[in-house]
Amino acid sequence: MVMTIINKILTILMQLMWKVVRPEDLELGDHVYRYGWYGLYSHHGIYIGEGYVIHFTQTKSQKTIFPSLFKTSYKQEVSSSCPKCGYQESINCGVVKTCLNCFRRDGKKLRSLHRYEYGWPLLRFKFARRGTCTTLLNTKLPRQVVNKASELHVDNSFGDYNLINNNCEHFATYCQTNYRASERAAFFCECVGKIKEAEEWTVKKLLQRN
């Protein structure tokens with residue numbers, strides 16, 4: 001029992017360290033993400049150079065199925081704006097431009113950065129952790145990716161944040177591919193669908209017995 005728990009913890013730790021990239025190794029237009037809430041979710045954005053990221057955050061008219069999860073994973077104790085980029089979580093909403101530290105910050109901690117990967121073969125993708133890669137191809141030049149992210153930031157024109165239909169991964173993949181896609185949201189919906197199917201099958205069997 002103890003060894004099983006230890007193995008699970010080690011597996012999670014290895015997953016969280018997978019594709020870790022140092023800030024100095026980031027390249028223009030990279031789709032980056034960091035983990036939060038003990039690794040149960042990830043936050044995505046586009047690196048635009050010079051230590052800045054454009055990413056999609058909760059909006060004032062936010063409509064998520066788990067709103068409390070995205071209000072804050074840990075209570076933000078810093079109420080003042082960032083001295084470097086001016087970002088303030090309670091005020092700046094939607095598509096925002098922040099420094100790397102603000103993007104990485106999860107409560108008092110600065111999380112590791114990870115690079116999202118494109119063009120994975122389907123078979124390999126099936127065994128990958130959702131929210132780390134996609135089968136979609138990215139044929140854009142880095143500058144085109146940055147220009148799209150900057151355009152959406154200037155206009156703040158990516159709509160209302162929604163965990164399933166319009167989240168930060170949707171934003172980053174859209175900048176890269178022109179397709180709004182979120183593998184973690186799709187996986188969640190798939191799991192919910194399977195649970196519903198199992199419930200319906202169970203109810204059907206119980207009714208047949210009666």
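Modeller: I will begin with Arg115, whose side chain reaches the backbone oxygen of Asp25 at 3.2 Å. The side chains of Arg115 and Asp30 are also joined, by a polar contact of 3.0 Å; a polar contact is a pair of N or O atoms within 3.5 Å, where within protein one must be able to donate a hydrogen and the other to accept it, and residues adjacent in sequence count only if both atoms are side-chain atoms. This is a predicted model, in which local features need pLDDT of at least 70 and side-chain atom pairs count only at pLDDT 80 or more, while totals for chains, interfaces and linings use all residues. Residues are numbered from 1 along each chain as its sequence is written, and side-chain values use heavy atoms, with hydrogens and water left out.

Arg115 belongs to strand 8 (residues 113–115), where strands (E, at least two residues) and helices (H or I, at least four) are DSSP runs numbered from the N terminus. Its relative accessibility is 27%, so Arg115 counts as partly exposed, a class that falls between buried (under 20% relative accessible area) and exposed (over 50%), with a 1.4 Å probe and protein chains only. Beyond the residues up to four places away in sequence, Arg115 touches Lys19, Val21, Asp25, Leu26, Glu27, Asp30, His31, Tyr33 and Thr132, contact meaning heavy atoms within 4.5 Å. The C-alpha atoms of Arg115 and Cys133, which are 18 residues apart along the chain, are separated by 8.8 Å.

Strand 1 and strand 8 run antiparallel and are joined by 2 bridges, with Leu113 in strand 8 as the bridge partner of Val21.

Further along that order, strand 3 (residues 41–49) is joined to strand 4 by 4 bridges, again antiparallel, and Gly45 has His55 of strand 4 as its bridge partner. The hairpin of strand 3 and strand 4 has 2 residues between the strands, and Glu50 takes a positive phi near 55° there. On to strand 5 (residues 95–99), strand 4 makes 5 bridges, also antiparallel, and Tyr52 stands opposite Cys99. In a regular strand the side chains alternate between the two faces of the sheet. In strand 4 both faces are covered, with Tyr52, Ile54 and Phe56 buried on one side and Val53 and His55 buried on the other; since 5 of the 5 residues of strand 4 are buried, the strand is largely enclosed by the rest of the structure.

The aromatic rings come next. Rings of Phe, Tyr and Trp (its six-membered ring) pair if their centres lie within 6.5 Å, with planes under 30 degrees apart counted as stacked, over 60 as edge-to-face and the rest as tilted. By this rule the count comes to 8 aromatic pairs. For Phe56 and Tyr161 the ring centres are 5.5 Å apart and the planes stand at 35°, so the pair is tilted. Phe56 is in strand 4 (residues 52–56) and Tyr161 in the loop between helix 5 (142–155) and helix 6 (168–177), so this pair ties together parts that are 105 residues apart in sequence. Phe56 is buried at a relative accessible area of 0%, and Tyr161 counts as buried at 3%. Phe158 and Tyr174 form another tilted aromatic pair, 5.8 Å centre to centre with 50° between the planes. Together, Phe56, Phe158, Tyr161, Phe171 and Tyr174 form one aromatic cluster.

Leaving aside neighbours within four places in sequence, Thr57 is in contact with residues including His43, Val96 and Tyr161.

Definitions and conventions: Pairing = 2+ DSSP bridges.
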